[in-house]
Amino acid sequence: MTAKDSMTLLESRRLDSLVATEELAKEIVLRLKPQQIIGLQGEMGIGKTYFIKALAQQLGCPSIEVNSPSYAIHQEYHGTTKKLQHVDLYRLESEDEIESSGFWDLFDGSPDSLIVIEWIDRINLTTIPQNYSYLRMEWERSKDDARLVHLYLR
Ligand SMILES: Nc1ncnc2c1ncn2[C@@H]1O[C@H](COP(=O)(O)OP(=O)(O)O)[C@@H](O)[C@H]1O
Ligand SMILES: [Mg+2]
């Protein structure tokens with residue numbers, strides 16, 4: 001059983017431009033729950049970090065800050081009303097590293113944090129606190145090389 005088996009497919013959307021990604025980020029920000037996690041899965045270069053930049057911009061963070069963290073797996077950006085917690089698990093060596101990194105402290109129930117995780121499948125999702133709304137975004141390339149993103153909700 002994979003993580004998404006217990007999730008509901010909300011929508012599949014074609015993102016054939018950066019503007020389409022920005023539009024999706026805008027819609028998602030309008031629907032954010034106070035305790036919200038967004039998990040992203042999809043190959044390198046598919047547009048995960050760009051989507052997070054677009055989220056950051058919507059939240060009023062200085063978007064210039066957002067990049068793929070090369071050493072730290074976690075970065076925090078300050079928006080006008082929310083903090084964006086950006087986690088990139090690409091370089092994660094083991095689940096032990098997660099335990100010792102303070103990762104789980106992010107789930108402190110604070111309503112002013114939005115937690116966004118790239119390469120979400122590197123951790124065991126069943127341990128994500130149930131009091132959080134969890135939006136999973138699965139990215140793939142369409143045959144004509146556009147991006148296709150599937151949105152699942154728990
Ligand atoms: N919806 C999109 N349409 C066209 N190009 C995109 C789109 N999203 C991202 N890109 C481009 O793809 C490249 C890789 O995106 P990035 O967000 O770094 O991928 P990832 O974080 O998944 O590795 C960037 O140069 C970005 O401009
Ligand atoms: Mg990235």
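These questions and answers walk through a predicted model.

Visitor: In what order do the elements of the protein run from the N terminus on?
Guide: The model is predicted. The secondary structure comes to 3 helices and 7 strands. From the N terminus on, the order is β-α-β-α-β-β-α-β-β-β.

Visitor: Do S3 and S4 run parallel or antiparallel, and how many bridges join them?
Guide: Strands of a sheet pair through backbone hydrogen bonds, either parallel or antiparallel. Tyr77 has Leu84 in S4 as its bridge partner. S3 and S4 run antiparallel, and the bridges joining them number 5.

Visitor: Which element supplies the largest share of the largest nonpolar core?
Guide: This core has 27 residues. Those with the most contacts inside it are Ile38, Leu55, Ala56, Leu84, Val87, Val116 and Ile117. At least two core residues come from each of S2 (36-41), H2, S4 (83-88), S5 (113-118) and S6 (133-141). The largest share, 5 residues, is from H2.

Visitor: Which residues come nearest to ligand 1?
Guide: The ligand has 15 residues around it. By class, this shell has 6 nonpolar, 7 polar and 2 charged residues. Helices H1 (18-30) and H2 (48-58) each supply at least two of the shell residues. The nearest are Leu15, Gly47, Lys48, Thr49 and Tyr50.

Visitor: Is Thr127 buried or exposed?
Guide: Thr127 sits in the loop between S5 and S6. Thr127 has 10 C-beta neighbours inside 10 Å, and a residue with 12 or fewer falls in the exposed class, so Thr127 counts as exposed.

Visitor: What share of the contacts with a separation of 6 or more joins residues 24 or more positions apart?
Guide: The protein has 154 residues, and buried residues make up 28% of them. Of its contacts with a separation of 6 or more, the share from residues 24 or more positions apart is 65%.

Notes
Residues numbered from 1 in each chain as written. Chains lettered and ligands numbered in written order. Predicted model: local features only at pLDDT ≥ 70, side-chain atom pairs only at ≥ 80, totals over all residues. Near = placed C-beta within 6 Å. Helix = DSSP H or I, 4+ residues; strand = E, 2+ residues; numbered from the N terminus. Nonpolar A, V, L, I, M, F, W, Y, C, P; charged D, E, K, R; others polar. Core = buried A, V, L, I, M, F, W, Y, C linked by C-beta atoms within 7 Å. Buried ≥ 20, exposed ≤ 12 C-beta atoms within 10 Å, placed from the backbone. Contact = placed C-beta atoms within 7 Å. Pairing = 2+ DSSP bridges.
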